[in-house]
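Ready for a few exercises on how side chains pair up inside a protein? Have a look at the sequence and the structure, try each task yourself, and then read the solution.

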Amino acid sequence: MSPVCTPVAGRIEHGTAPDGTTRVSMTVGPEEPVFPGHYPGFPIFPGVCVIEFLHRGALAASPEPDRGWALSGIESARFMNPVLPGDTLTADLTWRRDGAGGRCSASVTGPRGTVARIALRFEDEGAR
C-alpha cells in the first residue's frame with residue numbers, strides 16, 4: 001500500500017522546466033491518511049511521502065514509458081522545508097540511463113522554497 005493517496009502525476013509537462021527537464025506536480029490533500037499521526041495538531045507531510053511523490057512522478061514521466069522500471073534504491077535524499085496540507089509540490093525531473101538501469105534526480109519545490117533534493121535508482125524489470 002502506498003503512503004500517499006493523492007494522485008501524484010496530475011500534471012506532467014515534458015521539457016517545460018527552465019532547463020528542459022520534465023516537470024510533475026501535485027497538491028497535497030488534507031485527507032492524506034498520514035496527517036492524523038504526523039503530527040497531531042500540526043500536520044506535516046512526511047519525507048517518505050515526498051519520495052513517493054517523486055517515485056510516481058518519475059515513472060509517469062519516464063523517457064522510455066514502455067520499459068518496466070522498478071525502483072531499486074534511493075541514492076540520496078535531503079529535506080529542507082516542511083510540506084503542509086494544501087501545499088502544491090513541483091518536481092523538475094532529470095532521467096539518465098546508466099547501463100541496464102536508470103537514475104532520476106529531482107529538486108522538489110513548494111510554497112516555502114526547496115523542499116527536497118532526491119535521486120532515485122531504477123532497474124529494468126525485464127533485467128531482473
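W95 has a relative accessibility of 16%, so it counts as buried. Keep in mind that this is a predicted model.

**Exercise 1.** Work out which ring pairs W95 takes part in, and which strands they connect.

*Solution.* 
- Step 1: start with the total, which is 3 aromatic pairs in the whole structure.
- Step 2: take W69 and W95, whose ring centres are 5.2 Å apart with the planes at 40°, so this pair is tilted.
- Step 3: W69 sits in strand β3 and W95 in strand β4, so the pair ties together parts 26 residues apart in sequence.
- Step 4: now go to W95 and F122, which form a tilted pair too, with 5.0 Å from centre to centre and 35° between the planes.
- Step 5: W95 is in strand β4 and F122 in strand β6, so parts 27 residues apart in sequence are tied together.

**Exercise 2.** Decide whether W69 and F122 are buried or exposed.

*Solution.* 
- Step 1: recall the cut-off, as buried means under 20% relative accessible area.
- Step 2: W69 has 7%, so W69 is buried.
- Step 3: F122 has 1%, so F122 counts as buried too.

## Now the charges

Side chains of opposite charge can pair when their charged atoms come close.

**Exercise 3.** Find the partner of R23 and say how many residues apart in sequence the linked parts are.

*Solution.* 
- Step 1: the structure holds 6 salt bridges, so there are several places to look.
- Step 2: the side chain of R23 meets that of D92 in a salt bridge, with 2.7 Å from N to O.
- Step 3: R23 belongs to strand β2 (residues 22–27) and D92 to strand β4 (residues 88–98), so the pair ties together parts that are 69 residues apart in sequence.
- Step 4: check how open D92 is. With 23% relative accessibility, D92 counts as partly exposed.

**Exercise 4.** Compare the two ends of the salt bridge between D87 and R112: is each one buried or partly exposed?

*Solution.* 
- Step 1: the side chains of D87 and R112 meet at 2.1 Å, N to O.
- Step 2: D87 is in the loop between β3 (69–79) and β4, while R112 is in the loop between β5 (101–110) and β6 (113–124), and the two are 25 residues apart.
- Step 3: D87 has a relative accessible area of 9%, so D87 is buried.
- Step 4: R112 has 35% relative accessibility, so R112 counts as partly exposed.

**Exercise 5.** Start from R121 and work out which residues share its salt-bridge network.

*Solution.* 
- Step 1: R121 forms a salt bridge with D98, and their closest N and O atoms are 3.0 Å apart.
- Step 2: R121 is in strand β6 and D98 in strand β4, 23 residues apart, and the pair links distant parts of the chain.
- Step 3: R121 is partly exposed at 24%, and D98 counts as partly exposed at 34%.
- Step 4: salt bridges with shared partners join E75, D98, R103 and R121 into one network.

## One for the backbone

**Exercise 6.** Where is Y39 found, and what is the peptide bond from H38 to Y39 like?

*Solution.* 
- Step 1: Y39 is in the loop between β2 and α1 (47–60).
- Step 2: the peptide bond from H38 to Y39 is cis, with omega near -5°.

Definitions and conventions. Residues numbered from 1 in each chain as written. Predicted model: local features only at pLDDT ≥ 70, side-chain atom pairs only at ≥ 80, totals over all residues. Heavy atoms only, no water. Salt bridge = Lys/Arg side-chain N within 4 Å of Asp/Glu carboxyl O. Helix = DSSP H or I, 4+ residues; strand = E, 2+ residues; numbered from the N terminus. Buried < 20%, exposed > 50% of the residue type's maximum accessible area, 1.4 Å probe, protein only. Phe/Tyr/Trp six-rings, centres within 6.5 Å; stacked < 30°, edge-to-face > 60°.
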